[in-house]
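Subject: Structure handover

Hello,

The structure we discussed is below, with the sequence. My notes on what was found in it follow.

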Amino acid sequence: MPGTPPPATAFTAADHAFMARALRLAEWGAYTTKPNPMVGCVLAKDGEVVGEGLHVRAGEPHAEVNALRAAGDAAKGATAYVTLEPCAHTGRTGPCAEALVEAGVARVVAAMQDPFPDVSGKGFERLRTAGIEVACGLMEAQARHLNRGFLSRIERGRPWVRVKLATSLDGRTALANGESKWISGEASRLDVQHWRARSSVILTGAGTVLADDPLLTARLEDDRPVIPPMRVVLDPGLATVARGRVREGDAPTLYVHAPDTKPPRGLDAQIVSAPVKAGRFDLDAVLRMLAERHQANEVHVEAGATLAGAFLQAGLLDELVLYVAPVLLGGKARPLFDGLDIATMADRLRLEVLDSRRFGEDTRLVLGPAGRG
């Protein structure tokens with residue numbers, strides 16, 4: 001019945017190899033598919049790839065259609081390896097499940113079921129009704145990680161939240177006077193651009209705009225196309241709307257203000273109010289607004305210790321990207337997170353290291369809340 005994924009089967013080494021290739025293809029759409037998920041498809045027959053494709057941009061053909069076009073008549077009798085359940089509804093493009101049926105594929109292997117209500121289980125049902133063998137669950141963990149933002153929006157009703165910070169060895173993010181340029185090296189700062197590029201939103205606070213005057217755009221060294229992330233400034237009193245580079249360039253900018261703030265007359269800026277609790281924004285409400293109104297999958301936070309600490313305290317931090325530079329800033333410098341009232345070791349917050357690698361002299365750690373899985 002629709003909504004129930006087909007059972008996993010005993011997958012072969014070849015199945016794993018073709019799905020891994022489909023996942024690599026899907027990742028190439030990281031900067032352009034939003035708000036859609038990243039999807040890759042490989043068509044194989046007799047142990048050889050006969051066609052492959054990925055979803056490049058929302059409104060354009062999906063991965064399965066691009067793979068079928070590449071395969072032509074060779075698609076008949078092939079196995080389709082796809083990183084997400086083929087859709088069975090008509091949106092801006094036609095149903096991919098129907099395209100696979102019409103092409104005569106013999107088998108479909110999906111990494112995971114699509115949780116989007118218009119799709120969930122219906123694509124598999126259409127394929128099975130047509131007599132196509134369907135299996136699901138191959139490399140599902142990798143597929144979920146790839147589309148963690150899309151899945152967060154659909155399953156939790158809010159975007160995936162990534163906080164980026166650069167720190168000294170003694171856990172400081174800025175000098176006491178707020179100066180922070182540059183703790184990390186050039187290689188780290190270039191890597192940050194890729195995190196920005198895959199995000200739907202780059203979020204900061206008014207304090208960071210006033211102190212650092214950031215541009216907050218994705219500036220890549222290569223020529224890969226990027227859909228510019230929307231810049232969101234949490235500014236309760238709209239103190240920054242008339243200043244700053246955050247409004248420059250092609251990327252849109254949204255200012256989030258407190259409900260009782262009266263916008264200045266003649267304001268030429270996109271604004272929206274959000275609830276405030278105990279003098280601070282209700283960050284969960286802000287995130288849900290970004291998911292509902294702007295279809296935001298991933299929110300990339302670049303802010304100071306106060307806002308970063310607020311996300312951590314609220315339990316809304318899904319991923320921490322931390323660039324650790326081999327420098328010391330001293331005890332008077334500003335910490336990574338403000339507002340953490342931890343009195344005993346039993347109350348300490350544990351993070352899990354998901355990835356660690358070097359960028360120039362810096363070490364980049366990717367961390368998540370411990371024990372979530």
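I start with the backbone. Gln295 sits in the loop that runs between α9 (283-294) and β14 (298-301). Although Gln295 is not a glycine, its phi is positive, at about 50 degrees. The residue is partly exposed, with a relative accessibility of 41%. Please keep in mind that this is a predicted model.

Leu216 is another non-glycine residue with a positive phi, here about 55 degrees. Its place is the loop between α8 (206-212) and β9 (230-234). Leu216 has a relative accessible area of 3%, so it counts as buried.

There is also a cis peptide bond to check, between Lys34 and Pro35, with omega at about 10 degrees. Pro35 belongs to the loop between α1 and β1 (40-45).

Next, the domains. The chain splits into domain 1, residues 13-146, and domain 2, residues 157-369. Their centres, taken over C-alpha atoms, are 34 Å apart. At the contact between them, 11 residues of domain 1 meet 13 residues of domain 2.

The largest cavity holds about 90 Å³. Its lining is made of 14 residues, and those nearest the centre are Asn36, Met38, Arg198, Asn297 and Glu298. Helix α6 (residues 148-156) supplies the largest share of that lining, with 3 residues. Sorted by class, the lining of the largest cavity comprises 5 nonpolar, 5 polar and 4 charged residues.

As for open space, the second largest pocket has a volume of about 1,100 Å³. It is lined by 36 residues, and closest to its centre are His145, Leu146, Arg148, Arg198 and Glu319. Two or more lining residues come from each of α1 (13-27), α5 (140-146), α6, α7 (186-198), β17 (351-359) and β18 (362-369). The lining of this pocket has 16 charged, 14 nonpolar and 6 polar residues. Domain 1 and domain 2 each give at least three residues to the lining of the second largest pocket.

Last, the cysteines. The disulfide count is 0. Cys87 is in no disulfide, and the nearest cysteine sulfur, in Cys96, is 3.7 Å away; the cut-off for a disulfide is 2.5 Å between the sulfur atoms. Cys87 counts as buried, at 7% relative accessibility. For Cys136, the closest cysteine sulfur is that of Cys41, and at 14 Å it is too far for a bond. Cys136 has a relative accessibility of 6% and so counts as buried.

If you set up calculations on this structure, the items above can be looked up by residue number.

Regards

Key:
Residues numbered from 1 in each chain as written. Predicted model: local features only at pLDDT ≥ 70, side-chain atom pairs only at ≥ 80, totals over all residues. Heavy atoms only, no water. 1 Å grid on protein atoms, 1.4 Å probe; cavity = no way out; pocket = protein on both sides within 12 Å on 5 of 7 lines; lining within 4 Å. Points joined across faces, edges and corners; volume = space filled by probe spheres on them. Helix = DSSP H or I, 4+ residues; strand = E, 2+ residues; numbered from the N terminus. Nonpolar A, V, L, I, M, F, W, Y, C, P; charged D, E, K, R; others polar. Domains from an automatic or database assignment. Buried < 20%, exposed > 50% of the residue type's maximum accessible area, 1.4 Å probe, protein only. Contact = heavy atoms within 4.5 Å.
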